[in-house]
Each structure stands twice: as structure tokens, then as C-alpha cells.
Amino acid sequence: GEDEVCKFLISKGHTILDRNWRCGHLEIDIISLAPVGIHFAEVKSRTAPVQGEPEDAVNAAKQRHVANAARRYIALNRSKLGAELEIWFDVASVVFDGGDVRINYFPGAFVPIYV
């Protein structure tokens, strides 16, 4: 699913910075740079038939995990990233149905809430 989402993002003008980036227990599926900012994407893939939409699996706990990973990524790469960038938290769902692939991409799918 991540391969398909990367192709999709590149077709939309994104540059893929990292895939499956890890730092300790933190992980981000895809990190990309677009003219509007840096995108941290969580990818959920399923094979048809599916019960519910894959994006529904990105619950509040997963959102916190992605946000914490993004904070760490930015801290470690600030000099490489340059100027202030708008930060986007996206969700991509991929459904494989025989030879067909359906991608739903939700830029700005969530805004982290820090308590």
C-alpha cells in the first residue's frame, strides 16, 4: 500500500523524504515535502472485501503516536528542512480488489491535540 501511496503523492508534486522512518518506538509510514508544507502520512491497507474503511483504524492513540514521531523527526532534521514549514498530518487508505487499487488520501486528516 505504501508503494501505491508514494506513487500517488509523487504524481501530486510531493517529494518523498522518508519511508518507514523509525526512531526508537516511534514510526511514520511516509514523510513527504510539498509546496504547501511537510506531510506525515499514516497508511492503512486492506484487501477486499473489507469491513469498514481502512482509514477508520487511525484512532486517537495512533494520531498521538504519529504526532510524537513527527515532532521527533522535525527536531532531528530541522537544519535539513530549512525554513518554517506548515505541518500536515495525513491519512491514506488503500484497498486492493483483485487487480484494482483504490486510494483515498486525506490531507490534514487530523490535528494533534496535546494535553
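Predicted model: local features only at pLDDT ≥ 70, side-chain atom pairs only at ≥ 80, totals over all residues.
Q: What makes the link between the side chains of His-39 and Asp-90 a polar contact?
A: The two side chains come to 2.4 Å, and the cut-off for such a pair of N or O atoms is within 3.5 Å. His-39 sits in strand E3 (residues 37-47), and Asp-90 is also on the list of residues that His-39 touches, along with others including His-14, Trp-88 and Tyr-105.

Q: Which strands do the buried residues of H2 pack against?
A: They pack against E1 (15-23), E2 (26-34), E3 and E4 (87-97). Val-66, Ala-70 and Tyr-73 are among those buried residues.

Q: Which element supplies the largest share of the largest nonpolar core?
A: That core has 17 residues, and Ile-28, Ile-31, Phe-40, Tyr-73 and Phe-89 have the most contacts inside it. The largest share, seven residues, comes from H2.

Q: Why is the Phe-8 and Tyr-105 pair called tilted?
A: The ring centres are 5.6 Å apart, inside the 6.5 Å limit for a pair. The planes are at 45 degrees; under 30 would be stacked and over 60 edge-to-face, so tilted is what remains. Phe-8 is in helix H1 (residues 2-11) and Tyr-105 in strand E5 (residues 100-106), 97 residues apart.

Q: Are Phe-8 and Tyr-105 buried or partly exposed?
A: One of each. Phe-8 has a relative accessible area of 25%, so Phe-8 is partly exposed. Tyr-105 is at 15%, under the 20% cut-off, so Tyr-105 is buried.

Q: What makes the Phe-40 and Phe-89 pair stacked?
A: Their planes are at 25 degrees, and stacked means under 30. The centres are 5.9 Å apart, which is within the 6.5 Å limit. Phe-40 lies in E3 and Phe-89 in E4, so the pair ties together parts 49 residues apart in sequence.

Q: How do you know that Phe-40 and Phe-89 are buried?
A: Phe-40 is at 0% relative accessibility and Phe-89 has a relative accessible area of 8%. Buried means under 20%, so Phe-40 counts as buried, and so does Phe-89.

Note on methods. Residues numbered from 1 in each chain as written. Heavy atoms only, no water. Helix = DSSP H or I, 4+ residues; strand = E, 2+ residues; numbered from the N terminus. Polar contact = N/O pair within 3.5 Å; in protein donor to acceptor, adjacent residues only side chain to side chain. Contact = heavy atoms within 4.5 Å. Buried < 20%, exposed > 50% of the residue type's maximum accessible area, 1.4 Å probe, protein only. Core = buried A, V, L, I, M, F, W, Y, C linked by side-chain atoms within 4.5 Å. Phe/Tyr/Trp six-rings, centres within 6.5 Å; stacked < 30°, edge-to-face > 60°. Lists of a residue's contacts leave out its neighbours within four places in sequence.
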